[in-house]
Amino acid sequence: MKLNNLNDLFIHELKDIYNAEKQITKALPKMMKEASSSQLKKAFEMHLSETETQIERLEQVFDLLGMKASGEKCKAMEGIIKEAQDMMSENADSDVMDAALIASAQRVEHYEIAGYGTLCTYAKQLGHKEILKLLLTTLEEEKATDLKLTDLAESKINVKAEHKGAK
């Protein structure tokens, strides 16, 4: 696809984030399985459900644009997920693994925040008011998930991981 204008770039980025979300739905169950903290498992479970809703929202965006929802391989998300998979294969204490899983999940969230932020800017510039509302909803969800993960890490998970070697 040749990128001739901002609308072309907008569609390219939509396809990228759509594929990224699809990849996340495959990675989250593996992260849930690896997590030992019940709170972290629940956070991943909730985010999986939220991600499925976000995919539906992206499909609405494609419909509003008169397009079939399709993805374009998101190599960045593929790399972030590969790093998470590599981390999950490490021989780590369960509390330390939980801290590592949060770090991996936050890398995912930060990528999504950047992607949705950019898409919101483009949608606004292009006058896609209804699409902008849908994308802003997802952007706010991604930011909230990042804050929840930070809170869980700082209040519990990282504290437990920190004291592992101190005994």
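1. The buried residues of H2 pack against helix H1 (6-34), helix H4 (94-126) and helix H5 (129-162), where helices are DSSP runs of H or I with at least four residues, numbered from the N terminus. Among the buried residues of H2 are Leu40, Phe44, Leu48, Ile55 and Phe62, buried meaning under 20% relative accessible area, exposed over 50%, and partly exposed in between (1.4 Å probe, protein chains only).

2. This is a predicted model, in which local features need pLDDT of at least 70 and side-chain atom pairs count only at pLDDT 80 or more, while totals for chains, interfaces and linings use all residues. Residues are numbered from 1 along each chain as its sequence is written, and side-chain values use heavy atoms, with hydrogens and water left out.

3. Helix H2 has 27 residues (38-64), which at 1.5 Å a residue should span 39 Å, and its end C-alpha atoms are 39 Å apart, in agreement; the expected span is 1.5 Å times one less than the number of residues. After H2 comes glycine 66, whose phi is positive, near 75 degrees.

4. The structure holds 5 salt bridges, each a side-chain nitrogen of Lys or Arg within 4 Å of a carboxyl oxygen of Asp or Glu. One of them joins aspartate 95 and lysine 160 at 3.7 Å, N to O. This pair links distant parts of the chain, with aspartate 95 in helix H4 and lysine 160 in helix H5, 65 residues apart. Aspartate 95 is buried, at 10% relative accessible area, whereas lysine 160 is partly exposed at 48%.

Conventions: Helices (H or I, at least four residues) and strands (E, at least two) are DSSP runs, numbered from the N terminus. Contact means heavy atoms within 4.5 Å.
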